[in-house]
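Please open the model in a viewer and follow the stops below in order. Each stop names a selection and then describes what is found there.

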Amino acid sequence: MEKQEKLLLIVNLHAGMMKIKAALPDIIDLYCRQNQDVTVYTTSGKGDATRICRERGMLFDAVVCCGGDGTLNEVLCGLLPLENPPMVGYIPAGTTNDFASSMKIPSNLLEAARRAVCGTPTPIDVGQFNSRYFSYVASFGAFTESSYAT
């Protein structure tokens, strides 16, 4: 029997319109059928995904993030400081999912979940300001909300 990979599934149940709640059992079933040893962690507030990735990320072969762009950013912020960060997959379940659109990640949650573990890994650029990482947009100053309002 082939070795099971350890997968951490971090889920922001409140992202977007909370559409992930209906799809979550099917996503977990998909991962189990792909020989993944799945641990599910649901976030409960800002910074939660960063904390769990920093504390437990090194115990997993892969981390799949399910939420919006902010949840993805938190996951990356928790994993990047690790000596050997695991691979990261993304299931876009936020309101606008700008990052997913730019990376051509499917909006269908089950298809995105399948690609997160069965697809071809794609490297992305990640920036850093001092000790803070960003994966898509970094902004500061008086007009930071303008990109979201446009």
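**Stop 1: Pro92 and its surroundings**

Select Pro92 and display its contacts: beyond the residues within four places in sequence, Pro92 touches Lys19, Gly67, Asn97, Ala100, Ile105, Pro106, Leu109 and Ala112. This is a predicted model. Pro92 belongs to strand 4, which covers residues 87-92. Is Pro92 buried or exposed? Its relative accessible area is 1%, so Pro92 is buried. Next, draw a C-alpha to C-alpha distance from Pro92 to Leu109: the two are 7.0 Å apart in space and 17 residues apart in sequence.

**Stop 2: Helix 1 against helix 5**

Leu109 also takes part in the contact between helix 1 and helix 5. Select residues 20-33 for helix 1 and residues 109-118 for helix 5. The pairing of two packed helices is described by the angle between their axes and by the distance between those axes. Here the angle is about 35°, and the axes are 9 Å apart. The crossing of helix 1 past helix 5 is right-handed.

Which residues of the two helices meet? Show these side chains:

- from helix 1, Ile20, Ala23, Asp26, Ile27, Leu30 and Tyr31;
- from helix 5, Leu109, Leu110, Ala113, Arg114, Ala116 and Val117.

Coloured by residue class, this contact of helix 1 with helix 5 comprises 10 nonpolar residues, two charged residues and no polar ones. In an α-helix there are 3.6 residues a turn, so residues three or four places apart point the same way.

**Stop 3: Helix 2 and its cover**

Move to helix 2, residues 48-56, and select Asp48, Ala49, Thr50, Ile52 and Cys53, which are buried. What covers these buried residues? The cover includes strand 1 (5-11), strand 2 (36-42), strand 3 (62-67) and helix 3.

**Stop 4: Thr71 and the cysteine pair**

Within helix 3, which spans residues 69-79, select Thr71. Thr71 counts as buried because its relative accessibility is 7%, below the 20% cut-off. Setting aside residues up to four places away in sequence, Thr71 is in contact with Asn12, Ala49, Cys65 and Cys66.

How many disulfides does the whole structure contain? A search finds zero. For Cys65, which is in no disulfide, the nearest cysteine sulfur is that of Cys66, 7.1 Å away. Cys66 is likewise in no disulfide, and the nearest cysteine sulfur to it is that of Cys65. Cys65 is buried at 0% relative accessibility, and Cys66 is buried with a relative accessible area of 1%.

**Stop 5: The whole chain**

The chain has six helices and six strands, and from the N terminus the elements follow the order β-α-β-α-β-α-β-α-α-β-β-α. Of its 150 residues, 39% are buried. Of the contacts between residues at least 6 apart in sequence, 69% join residues at least 24 apart.

Finally, colour by pLDDT. The chain has a mean pLDDT of 83, with 81% of its residues at 70 or more. Select residues 137-144: the pLDDT of this stretch is below 50, and the stretch has two contacts in the model beyond near neighbours in sequence. Where pLDDT is low, predicted coordinates should not be read in detail.

Methods
Residues are numbered from 1 along each chain as its sequence is written. This is a predicted model: local features need pLDDT of at least 70, side-chain atom pairs count only at pLDDT 80 or more; totals for chains, interfaces and linings use all residues. Side-chain values use heavy atoms; hydrogens and water are left out. Axes are lines fitted to C-alpha atoms, for helices over the stretch in contact, and angles run from 0 to 180 degrees between N-to-C directions. Helices (H or I, at least four residues) and strands (E, at least two) are DSSP runs, numbered from the N terminus. A crossing is left-handed if the near helix is turned anticlockwise from the far one by less than a right angle, and right-handed if clockwise. Contact means heavy atoms within 4.5 Å. Ala, Val, Leu, Ile, Met, Phe, Trp, Tyr, Cys and Pro count as nonpolar, Asp, Glu, Lys and Arg as charged, and the others, Gly among them, as polar. Buried means under 20% relative accessible area, exposed over 50%, partly exposed in between (1.4 Å probe, protein chains only). pLDDT is the predictor's confidence in each residue, from 0 to 100. A disulfide is a pair of cysteine sulfur atoms within 2.5 Å.
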